[in-house]
Amino acid sequence: MPLKLYGWRGSSPAHLVAIILHEKQIPYEWVEVDLPKGEHKALPFTNVNPFGEVPAIDDNGFVLYESRAIARYLDEKYPNQGIQLYPQDLQKRAIADQAAWAELWQFYRYGATIVFEVFNKGLFGLATDLAIIAEAKKTIIQKMDIYEGILSKQKYLAGDELTLADIGHIPIMGRLVEEVRLELGAGRPNVQRWIDELLSRESWRVVKQKYIGLV
């Protein structure tokens with residue numbers, strides 16, 4: 001049986017797991033959990049994730065939630081299939097973890113705020129807060145100056161090898177760049193190079209067409 005991915009079409013973390021599954025060349029079945037209808041907070045989904053959040057996977061009876069835990073599991077289960085999300089060297093792996101945590105706290109927290117305000121709030125019957133969007137945009141642009149410094153010295157965030165730290169940016173970054181039209185790489189040639197490479201990946205093309213409706 002193919003692995004089941006529980007997600008919602010508006011969930012960037014679910015999009016990330018779908019991207020990873022494509023990158024790792026793992027067949028899977030998408031199981032839609034309708035968040036606006038509250039399906040994530042009720043049975044049977046709370047048997048999958050008691051916190052009532054997507055994504056989660058069911059790998060032939062092995063159930064796991066939290067996108068980064070899922071990423072590590074898939075990378076270690078399929079070490080010779082598709083891309084490698086983590087280096088094998090201990091110190092390089094530590095740097096990759098460091099960069100992945102930085103992605104979560106220095107990029108995702110602000111980018112996800114923008115995506116939620118612009119795209120998802122209305123689906124829950126909530127009003128968009130323009131002040132929150134403006135502040136998050138200001139902060140994430142400031143973070144890009146730091147990214148420019150990092151990427152001026154190396155190809156990717158954790159060195160010269162692609163890792164989860166880079167891949168993890170794709171779902172939010174894609175929506176910010178391609179839909180919000182936020183110019184994250186303006187005046188930052190190394191950031192722009194990095195963005196162009198990530199957003200040209202086949203996995204993003206497939207996921208955005210399939211689940212977001214972007215061409």
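Trainee: Before we look at the pocket, what counts as a helix or a strand here?

Mentor: Helices are DSSP runs of H or I with at least four residues, and strands are E runs of at least two, numbered from the N terminus. Keep in mind that this is a predicted model.

Trainee: How much space is in the largest pocket?

Mentor: About 490 Å³. The lining has 23 residues, and S11, S12, P13, V54 and Y108 are the closest to the centre.

Trainee: How do the lining residues divide into nonpolar, polar and charged?

Mentor: There are 12 nonpolar, 8 polar and 3 charged residues in the lining of the largest pocket.

Trainee: New topic. How many helices and strands does the protein chain have?

Mentor: The count is 8 helices and 4 strands. Starting at the N terminus, the order is β-α-β-β-β-α-α-α-α-α-α-α.

Trainee: What about the radius of gyration?

Mentor: The protein chain has 17 Å, which agrees with a compact globule, because 215 residues in such a globule would give a value near 17 Å. The C-alpha box is roughly 50 × 45 × 30 Å along the principal axes.

Trainee: What share of the residues is buried?

Mentor: Of the 215 residues, 49% count as buried. The protein chain exposes about 10500 Å², and carbon and sulfur atoms supply 55% of that area.

Note on methods. Residues are numbered from 1 along each chain as its sequence is written. This is a predicted model: local features need pLDDT of at least 70, side-chain atom pairs count only at pLDDT 80 or more; totals for chains, interfaces and linings use all residues. Side-chain values use heavy atoms; hydrogens and water are left out. On a 1 Å grid over the protein atoms alone, a cavity is a set of points where a 1.4 Å probe fits but cannot get out, and a pocket is an open set with protein on both sides within 12 Å along at least five of seven lines; lining residues have an atom within 4 Å of a point. Grid points are joined across faces, edges and corners, and a volume is the space filled by probe spheres set on the points. Ala, Val, Leu, Ile, Met, Phe, Trp, Tyr, Cys and Pro count as nonpolar, Asp, Glu, Lys and Arg as charged, and the others, Gly among them, as polar. The radius of gyration is taken over C-alpha atoms; the globule rule is 2.2 Å times the number of residues to the power 0.38. Buried means under 20% relative accessible area, exposed over 50%, partly exposed in between (1.4 Å probe, protein chains only). Accessible areas come from the Shrake-Rupley method with a 1.4 Å probe; for residues, only the protein chains shown count as cover.
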